[in-house]
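Here are some notes for a colleague who is opening this structure for the first time. Please read them with the sequence and the coordinates at hand.

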Amino acid sequence: MKKIEIAPSILSADFRNLEREVKTVEDAGADRIHCDVMDGVFVPNITFGPLVVDAVKKCVKIPLDVHLMIVNPEKYIQQFCDAGADILMVHAETCKNLSDVLDSIKKRGVKAGVAVNPDKPVELFLPYLDKIDQVLIMSVYAGFGGQKFITDTMVKAKEVYNEVKDRYPHIDIEVDGGVNKETASISKENGINVLVAGSYIFGADNYKSRIESIR
């Protein structure tokens, strides 16, 4: 059984005090910081770019888990790698040549990840598992925080787990969207070992207790 890791999403943090927020969740036991990058094209919202990732990198010692919800991600790989992404994830459905995009990330010494929305099949990336370090199963539709967890997405999580557990045991399987104590348990039962949580952690008075509750 792989270690369960918790990745608080700064999408739900108080951006007036972002340095304090990320340091507080790090001290509370977070394993990573999750950065949701949205472009207003692939998803309706716009969040932030490499400058914020670079700023967060300077505040914490734990890895940055950077999730690109953008079109043409190949154009921005260099910028986000330079900004300090430790894991850089692209959506399979946005890549014209996913294999080349994964290669581009890895040749820069950054772990390569791939994500899919709830309505997209894992077959989009399964042929490239030898180039993937992390799979992100979206349990909500990318673009908004605070959505309800879509339980049916765990079928895909289990499918990926069964594919990688023997052949590619290094691959982390992450879930993002609607994670709380109950849905974290469901996720772990289906092979998830990295849990992204935004409002569940940053919306609480005690970050440490929330992190421990889902771990």
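Which residue lies over the face of Tyr200? Arg210 does, at 4.4 Å from the ring centre. Please bear in mind throughout that this is a predicted model.

1. On the aromatic pairs. A search of the whole structure finds 2 aromatic pairs. In one of them the rings of Phe15 and Phe48 have their centres 6.0 Å apart, and because their planes stand at 40° the pair is tilted. This pair links distant parts of the chain, since Phe15 belongs to the loop between strand S1 (5-8) and helix H1 (18-27), whereas Phe48 belongs to the loop between strand S2 (33-38) and helix H2 (50-57), 33 residues apart. Phe15 has a relative accessibility of 41% and therefore counts as partly exposed, while Phe48, with a relative accessible area of 10%, is buried. Phe202 and Tyr207 also form an aromatic pair, edge-to-face, with 5.4 Å from centre to centre and 75° between the planes, and both Phe202 and Tyr207 are buried.

2. On Ile10 and its surroundings. Ile10 is found in the loop between S1 and H1, and at 0% relative accessibility it counts as buried. Leaving aside residues up to four places away in sequence, Ile10 touches Phe15, Leu18, Val22, Ile33, His34, Cys35, Phe48, Val52, Val56 and Phe202, so that residues from the aromatic pairs, including Phe15 and Phe48, are among its contacts. The C-alpha atoms of Ile10 and Asp36 are separated by 7.4 Å, although these residues are 26 residues apart along the chain.

3. On His91 and strand S4. His91 lies in strand S4, which covers residues 87-91, and it is buried, with a relative accessible area of 0%. What does His91 touch, not counting residues up to four places away in sequence? Its contacts are Phe42, His67, Leu68, Met69, Ala115, Val116, Asn117, Met138 and Ala142.

4. On helix H4. Within helix H4 (residues 98-106), the residues Leu98, Ser99, Val101, Leu102, Ser104 and Ile105 are buried. The buried residues of H4 pack against helix H3 (77-83), against S4 and against strand S5 (111-116).

5. On the loop between S3 and H3. Tyr76 has its place in the loop between strand S3 (64-69) and H3, and Asn72 lies in the loop between S3 and H3 as well. Asn72 deserves a look at its backbone, for it has a positive phi of about 50° although it is not a glycine. Asn72 counts as partly exposed at 22% relative accessibility, and Tyr76 is partly exposed with a relative accessible area of 34%.

6. On Tyr168. Is Tyr168 buried or exposed? At 16% relative accessibility, Tyr168 counts as buried, because the cut-off for that class is under 20%. Tyr168 is found in the loop between helix H5 (154-164) and strand S7 (172-176), where it touches Leu129, Asp130 and Glu163, not counting residues up to four places away in sequence. Tyr168 and Asp133 are 35 residues apart in sequence, and their C-alpha atoms are 8.9 Å apart in space.

7. On Leu195 and strand S8. Leu195 lies in strand S8 (residues 194-197), and it counts as buried at 0% relative accessibility. With residues up to four places away in sequence left out, Leu195 touches Ile4, Glu5, Ile6, Ala7, Val175, Val179, Ala184, Ser187, Lys188 and Ile214. Leu195 and Leu136 are 59 residues apart in sequence and 9.7 Å apart in space, taken from C-alpha to C-alpha.

8. On the second largest pocket. About 210 Å³ of space lies in the second largest pocket. Of the 13 residues that line this pocket, those closest to its centre are Met1, Lys2, Tyr161, Lys165 and Gly191. How is the lining of the second largest pocket divided between nonpolar, polar and charged residues? The lining holds 8 nonpolar, 2 polar and 3 charged residues.

Definitions and conventions: Residues are numbered from 1 along each chain as its sequence is written. This is a predicted model: local features need pLDDT of at least 70, side-chain atom pairs count only at pLDDT 80 or more; totals for chains, interfaces and linings use all residues. Side-chain values use heavy atoms; hydrogens and water are left out. Helices (H or I, at least four residues) and strands (E, at least two) are DSSP runs, numbered from the N terminus. Buried means under 20% relative accessible area, exposed over 50%, partly exposed in between (1.4 Å probe, protein chains only). Contact means heavy atoms within 4.5 Å. Rings of Phe, Tyr and Trp (its six-membered ring) pair if their centres lie within 6.5 Å; planes under 30 degrees apart count as stacked, over 60 as edge-to-face and the rest as tilted. A charge sits over a ring if NZ of Lys or CZ of Arg is within 6 Å of the ring centre and within 35 degrees of the ring normal. On a 1 Å grid over the protein atoms alone, a cavity is a set of points where a 1.4 Å probe fits but cannot get out, and a pocket is an open set with protein on both sides within 12 Å along at least five of seven lines; lining residues have an atom within 4 Å of a point. Grid points are joined across faces, edges and corners, and a volume is the space filled by probe spheres set on the points. Ala, Val, Leu, Ile, Met, Phe, Trp, Tyr, Cys and Pro count as nonpolar, Asp, Glu, Lys and Arg as charged, and the others, Gly among them, as polar.
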